[in-house]
Each structure stands twice: as C-alpha cells, then as structure tokens.
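The entries follow in the order in which I looked things up.

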Amino acid sequence: MSAIFLIGFRGSGKSALGKGAAEILEVPFVDLDEIFRGKFGEIKDFVAEKGWDEFRQKEAEILQNFAGFSGIIATGGGIIELEKNREFLAKQKTIFIDLPLEVLLHRLTKKAEKRPRLETDKDLETEIRENFLRRLPLYQKSAKFSFSPDPELSKTANAENLAGFLNKIT
Ligand code: S3P
C-alpha cells in the first residue's frame with residue numbers, strides 16, 4: 001500500500017478511524033501529532049511557548065518525511081494551513097474525513113481543554129465555526145477523495161467502512 005493521508009477538522013476522528021482501518025487492513029499506521037509530541041513535547045505547551053508559526057513549520061517537515069510511508073497517516077487538523085502542505089497533499093492519496101460542523105461542535109466543546117485554542121480572543125464556538133468554514137475549501141482542495149463517517153455508528157463500524165473504502169481506491 002502506498003501512503004494514504006487522512007485530513008480533516010479537529011474532532012473528526014482521523015486518528016481513531018485511521019488506526020482502526022490500519023488494523024483491519026494489516027498495514028502500518030502513524031499519527032503525525034504523535035510524532036510531533038515524541039520530538040517536541042505536548043503541542044499545547046509548544047504553541048504556548050513558540051507560537052503557531054513555529055508549530056506549522058515543524059509539522060510541515062514531519063509531513064514531508066512520510067511521503068514514502070506505506071500505510072495510513074493521520075494528520076493534524078491544521079495541516080492544510082500551509083500552501084506547501086496543500087500542494088503536497090493534493091498529489092498524494094489524500095482523504096478528507098468529512099463531518100458536519102454541528103457534530104464537530106458537539107464533540108469539541110465537550111473536550112475543550114484537550115486541544116490548544118486557535119484564537120484566544122474568541123469564544124470557543126465562534127472559533128470552531130469560523131475556522132471550520134475557512135478551512136473547509138482547503139480540505140476539499142487538498143484531497144482527491146472524501147469519506148463521511150456516520151456519527152450514529154460506532155468507531156469500529158466506521159473504521160470497517162473506511163477500510164472497505166480504502167480497499168476500493170487503492
Ligand atoms: C490542530 C489540530 C491538532 C494538532 C494541533 C493543531 C489545528 O490535531 O495538530 O493542535 O490546527 O486544528 P487534531 O486534528 O488531531 O486535533
């Protein structure tokens with residue numbers, strides 16, 4: 001299997017779905033946020049100390065390192081912020097994990113403290129709504145394929161569906 005990149009907004013389940021599908025398909029799985037943490041520590045702390053621009057640069061370097069990976073790669077929600085990443089992803093087998101804003105809002109406001117805020121001058125719901133709408137065309141432009149998990153189904157069932165979808169496109 002060649003590299004398959006999963007992109008999508010925070011809370012769309014890229015890591016859980018990617019890991020589940022990789023287990024079913026018996027292919028390697030990697031989560032780029034985990035690679036970042038292994039190298040530089042907690043993302044929240046890194047961003048608080050060094051800022052988002054520095055994080056984006058390191059994230060882009062990590063992404064490039066996985067071009068030749070043979071398996072499934074979960075990316076961070078902001079991977080599409082840099083144009084060079086969008087251009088790179090558009091040339092790869094990239095899948096947009098597409099969920100409605102209302103589902104993401106529900107998930108992200110429940111576990112708010114887990115992730116670093118993107119814009120601290122706004123309330124959380126406004127931050128999520130505005131960034132989702134701004135990013136949506138960027139995800140769509142960067143991915144050849146899209147997969148919509150069913151929020152009513154379990155993680156396992158959605159991972160099985162994703163594995164089936166990947167089988168069809170690879
Ligand atoms: C980010 C999403 C996070 C992580 C970082 C930045 C973003 O990944 O890469 O906090 O800009 O939305 P998840 O999508 O896995 O939460």
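I began with Gly 78, where a polar backbone atom is 3.5 Å from an oxygen atom of the ligand. The model is a predicted one, and I read each distance here as a computed value. I then turned to Asp 33 and found one of its polar side-chain atoms 2.7 Å from a ligand oxygen atom. For Arg 115, I noted that a side-chain N or O atom is 2.7 Å from an oxygen atom of the ligand.

I looked up how many residues surround the ligand. The count is 15, and the closest are Arg 10, Lys 14, Asp 33, Arg 56 and Arg 115.

I recorded the crossing of helix 1 and helix 8 as right-handed. On the helix 1 side, the contact is made by Ala 16, Leu 17, Gly 18, Gly 20, Ala 21, Ile 24 and Leu 25. Helix 8 contributes Lys 155, Asn 158, Ala 159, Glu 160, Leu 162, Ala 163, Leu 166 and Asn 167. Sorted by class, I list nine nonpolar, four polar and two charged residues in this contact of helix 1 with helix 8.

I next examined helix 6 (residues 101–110) and helix 7 (residues 124–142), whose axes come within 10 Å and cross at roughly 140°. The crossing of helix 6 and helix 7 is right-handed. From helix 6, I noted Leu 101, Glu 102, Leu 104, Leu 105, Leu 108 and Thr 109 in the contact. From helix 7, the contact residues are Leu 124, Glu 125, Ile 128, Arg 129 and Phe 132. I classed the residues in this contact of helix 6 with helix 7 as seven nonpolar, one polar and three charged.

Key:
Residues are numbered from 1 along each chain as its sequence is written. This is a predicted model: local features need pLDDT of at least 70, side-chain atom pairs count only at pLDDT 80 or more; totals for chains, interfaces and linings use all residues. Side-chain values use heavy atoms; hydrogens and water are left out. Axes are lines fitted to C-alpha atoms, for helices over the stretch in contact, and angles run from 0 to 180 degrees between N-to-C directions. Helices (H or I, at least four residues) and strands (E, at least two) are DSSP runs, numbered from the N terminus. A crossing is left-handed if the near helix is turned anticlockwise from the far one by less than a right angle, and right-handed if clockwise. Contact means heavy atoms within 4.5 Å. Ala, Val, Leu, Ile, Met, Phe, Trp, Tyr, Cys and Pro count as nonpolar, Asp, Glu, Lys and Arg as charged, and the others, Gly among them, as polar. A residue is near a molecule or strand if one of its heavy atoms lies within 4 Å of it. A polar contact is a pair of N or O atoms within 3.5 Å; within protein, one must be able to donate a hydrogen and the other to accept it, and residues adjacent in sequence count only if both atoms are side-chain atoms.
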